[in-house]
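Hello,

Here is the structure you asked for. My notes follow below it.

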Amino acid sequence: MKTNMPLTKPIRRFIAETERMLDTEVTLLRKPEAPPGGTLIDIYSYNLDKNIIIFPANYIGLLKDFVIAKQCTHLLVKGAAAKTGGYRVLSYNADSVYTGMRQVYLDALKDEAKKEKKLPVNKLIDMLFIMFRQFHEDINDLPWNPVVNARIYHRMEQLRKTQLYILLKDGKQDMDEMMDMMEIIPRRYFVLDKSMFYARDLYLAKTLPADRLMPVVNIPQMKKFDHLEVKEMLTTRWTHTAWYQSKVFGDNMLTIMEKHLAVDWGAEPSLEYYASLYKVGVNLTNALLAYMTMKDWFIWEKPQHLLAAEQAAPSYEKAALKKIFGDLIEES
Amino acid sequence: MPVSEVSRLLKRAEQYVKQTKYKEALVLYDHAIRLEPRNPECWSQRAGAKIEMERFTEAVADCDQALALNPNHADAWSRKALALSQVGQYAPALAAATRATTLNANDAVGWYVKGICLEETGKSDEAEIAYAKSLELEILLDIKAEKDKVRR
C-alpha cells in the first residue's frame, strides 16, 4: 500500500488483505476533482501495473475510509474473477450499438408523435447514442453497487453511519440526474433509468437494517430524518416524484434484485467468495438487461475489448446512424 | 512590510499544496520563515506541506517551533498529532490530538486522528466517540462543499 494519509486500523487491514489476496499493490490518491464516490483504476480493467483508488481531496476522515472500502471491495470482486479466469466486462460492438440506437429511435418516434413541442431532428439524432452510452454506463456500474454496499455493511460495522450518509447522497444525485432531459428523452428510458436506481435504493434500505443505519442525529441538516426508517425515507422520496411509473418498474426490478442477491454477505473473505460475488453481479446485470429488453445492446467481453470499443465509439455511432437513416443522414 | 509579504507567500504556498506541488510550496514557506521566524503560522503551514511529503519527523519539529511561539496554536497541535500518528507514536499523538480538539472542537482531522490513536491504544469505545465527532464535522464540510459547488 502506498499512502501518506492516516487510515483507521480496519481499513489498513482491509487494504493489506486485498493486496495479499490478489497479490497486487493498491495506491491511494487524493484529488480535488475526483467524483464523490471515488474512482478505481485497476489492473484488471486497464493496462496498468498497479491499482489506484482516487477519492475527493475534501474527504479527510471516515468518508475517505468508506470510499476506499467500497473501491477495495470492488477491486476484490474484479480481481477474484480475473484470477479464476472469468473476468469480463459489458462491452459493445458495431452491431450491438446499431441494435440499441435503432430501438431508442423507434421509441423516440412513438413519443414524438404524441408531443406538441417536437424535438429538433438534429437533437433527436444526437440523443440516440447519448442514450445508448448512458445505459451502458449505468448498467456497468449499478448492479455492483448493492453487492459492494451489502458486503461492506456486514463486514465493516464501524463504517455504517458513514455508509448511510453516502447512500443518501448517492441516491439523491442519481435521482436528480437526467431531470433536465426528462422532456427530451423517450419516456421509456427515463423511467427505466430511474427504476434501476429506485430498485437499488429500496434493496439497500431493506438489506441494510434501518435500526443500525439510523442517521447521524447530531447533524442539524439531517435532523429531519431523525426517527425515520431508511426504508420509509427512500420510499417517500420516490413516491413523491412526478414519475410514479419509475416506482412501478422499480418494484419489479427490486424483485429481480432480491432474487439474485440472496447471498451470505458476512462470509469469511476468500478468492472463491469474491469470485462468487462477481457471478452474482453478472447474473443480476443480465436479468436487468433482459427485463429492460436490452439484452442485445451489450456483450460480455474481455476488458481490452471495451477499451477498443471506447476508441471506436464514434465510428460505431456513425455506422449505426447510416444504417438507420440511410442517405438522409448526410443531408441532415 | 514583511507582514503582507508573508501573507502573500503563505497564500501562494497554500495554492501549491492544493495542487500537490509540495516542493514549490516548501520554497515559499522557507522564504516566509526567513522573513518572519517568529510567526507560528509559517512553521505550522510548512509542517503541513512536510506531512504531505512524508517528512514526518521534520513536520513534528516545525510544529514544535510553532507551539514554542504560540502554545495555543490549534492547527500546529493537529498537524503534530497527524505526523506523530504516521510514525506510530500513538501516545504523544493522542495527547496532541486531544489538545488540538480542545482548542478547536471543529477540527475534523484532529478528531479523526484522535480516534486512530485511541483505537491503537486499545480504547475502542472512546475511539468510536472521536470518530463519530469527526464524521459529523466531515459531513457538515461536505454539505457546505456541495452547496458551494451548486452555487458556482
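Into which domains is chain A divided? Chain A has domain 1 (9-83) and domain 2 (89-331), with bounds from an automatic or database domain assignment.

This is a predicted model: local features need pLDDT of at least 70, side-chain atom pairs count only at pLDDT 80 or more, and totals for chains, interfaces and linings use all residues. Residues are numbered from 1 along each chain as its sequence is written, while chains are lettered from A and ligands numbered from 1 in the order in which they are written.

Domain contact: 20 residues of domain 1 of chain A touch 22 residues of domain 2 of chain A (contact: C-beta atoms, placed from the backbone, within 7 Å). On the domain 1 side, α1 (9-22) and α2 (62-83) of chain A give two or more residues each (helices are DSSP runs of H or I, at least four residues; strands are runs of E, at least two; both are numbered from the N terminus). The largest share of that side, 13 residues, comes from α2(A).

Sheet: in chain A, 3 strands form an open, mixed sheet in the order β1-β3-β2 (strands pair if DSSP finds at least two bridges between them). β1 (26-31) and β2 (39-41) of chain A are at the edges with a single partner strand each, so one side of each has no neighbour in the sheet. β1(A) runs parallel to β3 (residues 51-56) of chain A, joined by 6 bridges; one of the bridge pairs is Lys31(A) with Pro56(A).

Chain contact: chain B contributes 24 residues and chain A 18 residues. On the chain B side, α8(B) supplies the largest share, 11 residues.

Regards

Conventions: Contact = placed C-beta atoms within 7 Å.
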